[in-house]
Amino acid sequence: MTDRYARYQRLLFDRPHPRVLRITMNNGRMNTADQQMHAELGEVWRDIDTDPSVSAVLLTGGPKVFSAGGDMALVEAIADDSETRARNWKEARDIVYNVINCSKPIVSTIRGPAVGAGLVAGLLADVSIAAKDARIIDGHTKLGVAAGDHCAIIWPLLCGMAKAKYYLLLCDVLSGEEAERIGVVSLAVDDAELDAKGLDVATRLAEGPPSAIRWTKYALNNWLRQAGPTFDASLALEFLGFTGPEVREGVAAFREKRKPAFPAHCPL
């Protein structure tokens, strides 16, 4: 593996095909996104974009789980410290825009729980493939912050506003099979077929005409670039929420394994 990937601590890299770079999120603890993983998920796409040896990317979380969301210690640090909050705002922005602007086609294979920063890259991937029993959850409002990250920029385009509002406001679990039916993911397959299908698609992309594929991706992603102001607003409102009481109650309820008791008053 080239030196450009040696510095990453939470992402593993291998080559299942000479021109396919496989990225495995590897943080233990069900791949929760701690500060290091959060930063790396924003940075890695720039390295890939300039790597002439990579023609396609395969993003996975390993054999049991894709990503179980944000690490609670990181969430508390964002709420408590303005410098940490500002840094993570920029990293969250980088994850979204760097995936969109990476010229190489990205395939994701999603199994088990899929939440948080890992889900951002998973759903923004050019081809997303989920196990039928995968559990896709956007947990922002359940935690007590606005649905930022990738939510406003991609969910309405994938599944329509009505379904997007239902799942983003209520944080209901979305199975991989249902996600395919409503258009949130490209394909849903049995878990036993997931890895092979992901590699097959990534290999076909890597062996295809590079300019035609990359330029098609660039043109299609202008739909997402047009939604940039919507995304920027949602991310700003998410991080504004980290300064308020709702997220503190959400974290406390998570740690105490109880239903949160959010305040009835809204400042707006």
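Reply: A strand, in the sense used here, is a DSSP run of E with at least two residues, and strands are numbered from the N terminus. Ala114 is found in one such run, strand E6, and the model in which it sits is a predicted one.

Me: Why is Ala114 called buried?

Reply: The relative accessible area of Ala114 is 0%, and since buried means under 20%, Ala114 counts as buried.

Me: What does Ala114 touch, if residues up to four places away in sequence are not counted?

Reply: With those neighbours set aside, Ala114 touches Phe66, Ser67, Leu119, Arg135, Ile136 and Ile137, where a contact requires heavy atoms within 4.5 Å. A separate C-alpha to C-alpha value places Ala114 and Asp138 8.4 Å apart in space, although they are 24 residues apart in sequence.

Me: Why is Tyr167 counted as buried, and where does it lie?

Reply: Tyr167 lies in helix H7, and because its relative accessibility is 9%, against a limit of under 20% for buried residues, Tyr167 falls in that class. Not counting residues up to four places away in sequence, Tyr167 touches Asp138, Trp155, Asp172, Val173, Leu174, Glu178 and Ile182.

Me: Why is Gly183 called partly exposed?

Reply: The relative accessibility of Gly183 is 26%, and because the partly exposed class lies between the buried limit of 20% and the exposed limit of 50%, Gly183 belongs to that class. Gly183 is found in the loop between helix H8 (176-182) and strand E10 (187-189).

Me: What makes the phi of Asp149 worth noting?

Reply: Most residues other than glycine have a negative phi. Asp149, which is not a glycine, has a positive phi near 50°. The place of Asp149 is in the loop between H5 and H6, and with a relative accessible area of 11%, under the 20% limit, Asp149 is therefore buried.

Me: What is the phi of Cys171, and why is this residue counted as buried?

Reply: Cys171 is not a glycine, yet its phi is positive, at about 60°. Cys171 is placed in the loop between helix H7 (161-170) and strand E9 (174-175), and because its relative accessibility of 9% is under 20%, Cys171 counts as buried.

Me: Which residues of H2 are buried, and why are they assigned to one face or to several?

Reply: Met72, Leu74, Val75, Ile78 and Ala79 are buried in H2. Because these buried residues fall within an arc of 160° when seen down the axis of H2, they line one face of the helix. Among the elements that cover them are helix H1 (35-49), H3, H5, H12 and H13.

Me: Which residues touch the most other members of the largest nonpolar core?

Reply: Of the 79 residues in this core, those that touch the most other members are Ile23, Trp45, Ile48, Ile153, Trp155 and Val184. For Ile48, the contacts beyond four places in sequence are Tyr5, Leu21, Ile23, Val54, Val57, Cys102 and Lys104.

Me: What is the volume of the largest pocket, and which residues are closest to its centre?

Reply: The volume of the largest pocket is about 910 Å³. Its lining has 36 residues, of which Ala68, Gly69, Gly70, Met72 and Val115 are the closest to the centre. By class, this lining has 20 nonpolar, 9 polar and 7 charged residues, and H2 gives the most to it, with 4 residues.

Me: Which residues lie nearest the centre of the second largest pocket?

Reply: Gly144, Gly241, Glu246, Cys266 and Pro267 lie nearest, out of 16 lining residues. The elements that give two or more residues to this lining are H12 and H13, with the largest share, 3 residues, coming from H12. The space in the second largest pocket is about 540 Å³.

Technical notes. Residues numbered from 1 in each chain as written. Predicted model: local features only at pLDDT ≥ 70, side-chain atom pairs only at ≥ 80, totals over all residues. Heavy atoms only, no water. Core = buried A, V, L, I, M, F, W, Y, C linked by side-chain atoms within 4.5 Å. Buried < 20%, exposed > 50% of the residue type's maximum accessible area, 1.4 Å probe, protein only. 1 Å grid on protein atoms, 1.4 Å probe; cavity = no way out; pocket = protein on both sides within 12 Å on 5 of 7 lines; lining within 4 Å. Points joined across faces, edges and corners; volume = space filled by probe spheres on them. Nonpolar A, V, L, I, M, F, W, Y, C, P; charged D, E, K, R; others polar. Arc of directions from axis to C-beta.
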